[in-house]
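The sequence and structure come first, then the points by topic.

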Amino acid sequence: MPEAVGVIQTLGFPSILAAADSMVKAARVTLVYFDRAESGNFVIAIRGGTSEVVPAMEVGIQEAEKVYGGKVMMHYIVPNPPENVQAVLPIDYTEVSEPFR
């Protein structure tokens, strides 16, 4: 099954928390990356099958926007990223995320 990566960046922590929570509950995806971005923005990345990442992203975006003051700054999906992208960017499964796969 082809794997995909979904990324969401939001303004503020509560909205990214709502997005992450709803995405892992909505589909069989794994949260592989979380970090703070500039100016109070937060970013998360999920991995899973393409057929799982697409609906998870839709739910995550909706839930992030429901949070008071929540704003999705950007989002995108990369279906089937090549190995060299996985090696360079922090989107690969790690020892911490592997048990939740």
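**Nonpolar cores**

Within the largest nonpolar core, which has 17 residues, Ile 8, Met 23, Ile 44 and Ile 46 touch the most other members. Two or more residues each come from strand E1 (3-11), helix H1 (13-26), strand E3 (41-49) and helix H2 (50-66). H2 is the largest contributor, with 5 residues. The model is predicted: local features need pLDDT of at least 70, side-chain atom pairs count only at pLDDT 80 or more, and totals for chains, interfaces and linings use all residues. Residues are numbered from 1 along each chain as its sequence is written, and side-chain values use heavy atoms, with hydrogens and water left out.

- A nonpolar core is a set of buried Ala, Val, Leu, Ile, Met, Phe, Trp, Tyr and Cys residues joined through side-chain atoms within 4.5 Å.
- Buried means under 20% relative accessible area, exposed over 50%, and partly exposed in between (1.4 Å probe, protein chains only).
- Helices (H or I, at least four residues) and strands (E, at least two) are DSSP runs, numbered from the N terminus.
- Beyond its neighbours within four places in sequence, Ile 44 is in contact (heavy atoms within 4.5 Å) with residues including Ile 8, Ile 16, Met 23, Leu 31 and Phe 34.
- A second, separate core has 7 residues, among them Val 5, Val 43, Ala 45 and Ile 91.

**Arg 47**

- Arg 47 is part of strand E3 and counts as buried because its relative accessibility is 2%.
- Its side chain makes a polar contact of 3.5 Å with the side chain of Glu 3; a polar contact is a pair of N or O atoms within 3.5 Å, and within protein one must be able to donate a hydrogen and the other to accept it, while residues adjacent in sequence count only if both atoms are side-chain atoms.
- A polar atom of the Arg 47 side chain also lies 2.9 Å from the backbone oxygen of Ile 91.
- Leaving aside neighbours within four places in sequence, the contacts of Arg 47 include Val 5, Val 29, Val 53, Gln 86 and Tyr 93.

**Partly exposed residues**

- Phe 34, in strand E2 (residues 29-36), is partly exposed because its relative accessible area is 42%.
- Ile 77, in strand E4 (residues 71-79), counts as partly exposed because its relative accessibility is 34%.
- The C-alpha atoms of Ile 77 and Val 7 are 6.4 Å apart, although the two are 70 residues apart along the chain.
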